[in-house]
Amino acid sequence: MKTIRASIIGFGAVGRGVAKVLLDKRDYLRSIGIDLKVIAIADSRTAVVDSQGVDLASALSRKKETGAVGSDTISGTEIIRTVDHELVIETTPTNIETGGVGLVNMMAAFERGMDVVTSNKGPLALKYGEVMAAAKSSGSHCRFEATVGGAMPVINLACDVLAGNRMISMEGIFNGTCNYILSRMMEEQAPYEQMLAEAQELGIAEKDPSYDVEGIDTASKLVIVANSIFGMNVSYKDVTVTGITRITPEALSLANADGFAIKLIGEVNDSNINVAPKLVPLSHPLAVGGTLNVFSVQTDLAGPITITGRGAGSIETASAILSDIIGIYRN
Amino acid sequence: MRVSMDLELKDIPGQLVLALKPVSEFKGNLISVVHHHEKKTPRGKIPVHLVFEIKSDHLDNIISLLEESGISVVSVDEKRYLEHGAVILIGHIVHTDIKDTIDKIDNTGYAEVVDLNLAMPRINRPSSASLKIDAVSKQHMSAAIELLKSIAKEKDLLVIEPICVN
């Protein structure tokens with residue numbers, strides 16, 4: 001049995017999902033030889049640290065009742081710098097302008113030779129090369145399946161399962177919020193503003209939806225895919241981005257009459273990295289509805305591979321984080 | 001559009017140049033010329049097969065010029081649009097001169113707007129249109145869509161193009 005001491009930095013929806021999944025899967029993890037002990041959890045204001053192992057169930061209920069995970073005021077970054085452990089589970093919110101605290105945390109972890117599993121797109125979309133170089137020079141693992149497509153295996157599918165294939169191009173839907181709004185606009189023949197309001201009411205869209213609807217979220221994910229799967233060295237600024245805010249219900253009907261749906265498609269190929277609304281034939285595998293995500297990759301040996309799944313959600317994203325953790329420590 | 005044409009030339013010098021002149025005069029783009037000197041017809045004429053791209057309203061002029069020069073036009077096949085495409089446009093499509101948008105595609109000689117459906121919900125609201133474009137080949141279709149995108153950029157229209165279907 002290998003004991004892995006881990007911290008969860010960031011205790012929003014994803015961080016809490018990770019705590020729940022680690023509780024649920026404790027026995028399973030032990031059965032494959034991994035004893036994962038969470039020794040610290042930090043949210044944006046407070047923290048709990050216990051070298052004997054934090055009680056995850058009471059941390060979850062404390063967060064639910066009081067809004068704070070603990071009573072310590074030590075920051076997540078300080079935990080990484082001062083508390084001995086092997087794995088940082090980095091689930092702070094994405095900041096696409098600067099990389100935010102997530103970037104600071106990841107670099108701090110690599111300085112101490114710790115492994116990082118993250119759901120935070122910012123650091124990788126902005127400074128993929130730097131982050132991976134820092135991980136390599138300290139011998140750390142850095143896994144980030146949760147940054148792209150939530151529960152859908154994208155990075156690990158391409159890099160592990162399809163190993164040996166050359167990736168020719170890929171396209172997909174990587175933002176459930178946009179997919180929901182476009183699907184509902186078509187169903188209800190309703191304008192964008194109305195279906196955005198519905199999505200906000202249901203908690204599918206944020207109060208400030210620009211990150212999703214302007215295509216920024218999709219663009220960040222494409223950068224991660226381009227760098228990690230296609231071996232490019234690009235940043236967010238290299239992506240041409242068009243969002244969905246100008247789409248009209250009339251355009252959706254006209255497209256539908258010709259046998260097409262309109263979807264916000266992200267694509268990566270030799271010549272460009274592009275996010276834009278595109279016409280997708282209704283019978284095409286990419287024409288998935290609701291909040292679903294879909295990813296299709298063209299490979300030289302296996303041909304086209306398409307997978308679809310839930311692109312967001314606390315437990316779904318935690319599923320990707322768990323698979324990364326197992327990927328690092330199983331062998 | 002792309003035109004494929006079978007001609008018969010007299011077996012005297014200068015005839016091939018004479019046959020190509022009208023095409024060049026109307027700014028046609030020659031794709032291929034096959035001169036079957038070895039396959040003389042029973043009347044002693046030489047068959048020539050031409051393929052060229054031309055704006056559709058110039059085709060009749062070319063045929064009359066050829067006939068005036070004594071060249072027999074045996075057959076004309078203008079159904080050479082192999083690619084059919086569709087795009088959606090959103091924005092102030094009519095007020096940014098829809099005729100100009102369509103003309104620029106039609107004037108390429110390799111692609112044409114063959115259908116247009118327009119939805120105009122209310123004054124001051126953006127319109128939406130579906131455009132069907134025919135082009136002579138996949139490459140020409142991409143070129144036509146790139147051209148449309150550059151026109152749309154000037155006119156602040158959003159172009160929604162199809163995904164590449166593999």
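In chain B, among contacts between residues at least 6 apart in sequence, what share join residues at least 24 apart? The share is 69%. This is a predicted model, and its two chains can be taken in turn.

## Chain B

Chain B has four helices and eight strands. Follow the sequence and the elements come in the order β-α-β-β-α-β-β-α-β-β-α-β.

Now look at the overall dimensions. The C-alpha atoms of chain B fill a box of roughly 65 × 35 × 20 Å along the principal axes. The radius of gyration is 20 Å, while a compact globule of 166 residues would have one near 15 Å. Buried residues make up 44% of the 166 residues in chain B.

## Chain A

Chain A contains 13 helices and twelve strands. Why does chain A count as being as compact as a globular protein of its length? Its radius of gyration is 20 Å, and the globule rule gives 20 Å for 331 residues, so the two values are close. Along the principal axes, the C-alpha trace of chain A spans about 65 × 45 × 35 Å.

The table sets out some values for each chain.

| Chain | Residues buried | Accessible surface | Share from carbon and sulfur atoms |
|---|---|---|---|
| Chain A | 57% of 331 residues | about 13400 Å² | 50% |
| Chain B | 44% of 166 residues | about 8900 Å² | 53% |

Next, find helix α1 (residues 13-24) and helix α13 (residues 314-329), both in chain A. How do their axes meet? The axes come within 8 Å and cross at roughly 65°. The crossing of α1(A) past α13(A) is right-handed.

Which residues make the contact? From α1(A) come Ala13(A), Val14(A), Gly17(A), Val18(A), Lys20(A), Val21(A) and Leu22(A). From α13(A) come Ser314(A), Ile315(A), Thr317(A), Ala318(A), Ile321(A) and Leu322(A). By type, the residues of this contact divide into nine nonpolar, three polar and one charged.

Start with Asn105(A). It sits in helix α5 (residues 100-111) of chain A. Is Asn105(A) buried or exposed? Asn105(A) is buried, because its relative accessible area is 1%, and the cut-off for buried is under 20%. Set aside residues up to four places away in sequence, and Asn105(A) touches Ile9(A), Gly76(A), Thr77(A), Ile80(A), Glu90(A) and Thr92(A). Gly150(A) lies 45 residues from Asn105(A) along the chain, and their C-alpha atoms are separated by 21 Å.

Pro209(A) comes next. Where is Pro209(A) found? Pro209(A) is in the loop between α9 (192-201) and α10 (210-213) of chain A. Pro209(A) is also buried, because its relative accessible area is 13%, again to be held against the cut-off of under 20%. Leaving aside neighbours within four places in sequence, Pro209(A) is in contact with Leu196(A) and Gln200(A). Ala199(A) is ten residues from Pro209(A) along the chain, and the C-alpha atoms of these two are separated by 9.8 Å.

Terms used. Residues numbered from 1 in each chain as written. Chains lettered and ligands numbered in written order. Predicted model: local features only at pLDDT ≥ 70, side-chain atom pairs only at ≥ 80, totals over all residues. Heavy atoms only, no water. Axes fitted to C-alpha atoms, helices over the stretch in contact; angles between N-to-C directions. Helix = DSSP H or I, 4+ residues; strand = E, 2+ residues; numbered from the N terminus. Left-handed = near helix turned anticlockwise from the far one by under 90°. Contact = heavy atoms within 4.5 Å. Nonpolar A, V, L, I, M, F, W, Y, C, P; charged D, E, K, R; others polar. Rg over C-alpha atoms; globule rule 2.2 N^0.38 Å. Buried < 20%, exposed > 50% of the residue type's maximum accessible area, 1.4 Å probe, protein only. Areas by Shrake-Rupley, 256 points an atom, 1.4 Å probe, with all protein chains shown as cover.
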